[in-house]
Amino acid sequence: MKRDQFKTAFFDQSRNLFWVVGPDYKLKEANKAYFTLANINAGEEQHLDQTVLTEALSEAEIKKWREYYNRALQGEYFETEEHF
């Protein structure tokens, strides 16, 4: 199965949000569920290679998510559950 087929068959069919962020906090990959929620929360269409720390987030949310991303980028495994 080619990567694009796998992405369509698994990644985009999930109702769970999946996304990948680089060390610059820019979105590298995301599924449809992520884009749907991100577009609603930001009030505008989100794109790959765009920062995930948008103006739609409060300063407290930006701080929290930056800490999550830094932990993950350092290789730490952890779970969090967020309700929107």
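Leaving aside neighbours within four places in sequence, Leu53 is in contact with Tyr25, Ile62, Trp65, Arg66 and Tyr69. The model is a predicted one.

**Nonpolar core**

Leu53 is also one of the residues with the most contacts inside the largest nonpolar core, the others being Tyr25, Leu27, Tyr34, Val52 and Tyr69. This core has 13 residues. The elements that give two or more residues to the core are β2, α2 and α3, and α3 supplies the largest share, four residues. In soluble globular proteins, nonpolar side chains tend to be buried together.

Tyr34 belongs to α2, where Ala33, Tyr34, Phe35 and Ala38 are buried. Which elements do the buried residues of α2 pack against? They pack against β1 and β2. After α2 comes Gly43, with a positive phi near 75°.

The C-alpha atoms of Asp12 and Tyr34 are separated by 9.2 Å, and the two residues are 22 residues apart along the chain. Asp12 sits in the loop between α1 (3–11) and β1. Is Asp12 buried or exposed? Its relative accessible area is 14%, and the limit for a buried residue is under 20%, so Asp12 counts as buried.

**Largest pocket**

The largest pocket has a volume of about 610 Å³. Its lining consists of 19 residues, of which Leu17, Trp19, Trp65, Tyr69 and Thr80 lie nearest the centre.

Which elements each supply at least two residues of the lining? They are β1 (19–21) and α3. The element that gives the most to the lining is α3, with five residues. By residue class, the lining divides into 13 nonpolar, two polar and four charged residues.

**Salt bridges**

Side chains of opposite charge can pair when their charged atoms come close. The structure holds four salt bridges.

| Asp49 | Lys28 | 3.5 Å |

Asp49 forms a salt bridge with Lys28, with the closest N and O atoms 3.5 Å apart. This pair links distant parts of the chain: Asp49 is in the loop between α2 (32–42) and α3 (59–73), Lys28 is in strand β2 (residues 27–30), and the two are 21 residues apart. Asp49 is exposed, with a relative accessible area of 51%, whereas Lys28 is partly exposed at 35%.

Glu82 lies in the segment after α3 and Lys64 in helix α3, so the pair ties together parts that are 18 residues apart in sequence. Glu82 counts as partly exposed, at 24% relative accessibility. Lys64 is partly exposed too, with a relative accessible area of 28%.

Glu76 counts as partly exposed at 38% relative accessibility, and Arg71 is partly exposed with a relative accessible area of 31%.

**Overall layout**

The secondary structure of the chain comes to three helices and two strands. Read along the sequence, these elements follow the pattern α-β-β-α-α. The C-alpha trace spans about 40 × 30 × 25 Å along its principal axes.

How much of the chain counts as buried? Of its 84 residues, 26% do. Among the contacts with a separation of 6 or more, 22% are accounted for by residues 24 or more positions apart.

Note on methods: Residues numbered from 1 in each chain as written. Predicted model: local features only at pLDDT ≥ 70, side-chain atom pairs only at ≥ 80, totals over all residues. Heavy atoms only, no water. Salt bridge = Lys/Arg side-chain N within 4 Å of Asp/Glu carboxyl O. Buried < 20%, exposed > 50% of the residue type's maximum accessible area, 1.4 Å probe, protein only. 1 Å grid on protein atoms, 1.4 Å probe; cavity = no way out; pocket = protein on both sides within 12 Å on 5 of 7 lines; lining within 4 Å. Points joined across faces, edges and corners; volume = space filled by probe spheres on them. Nonpolar A, V, L, I, M, F, W, Y, C, P; charged D, E, K, R; others polar. Core = buried A, V, L, I, M, F, W, Y, C linked by side-chain atoms within 4.5 Å. Contact = heavy atoms within 4.5 Å.
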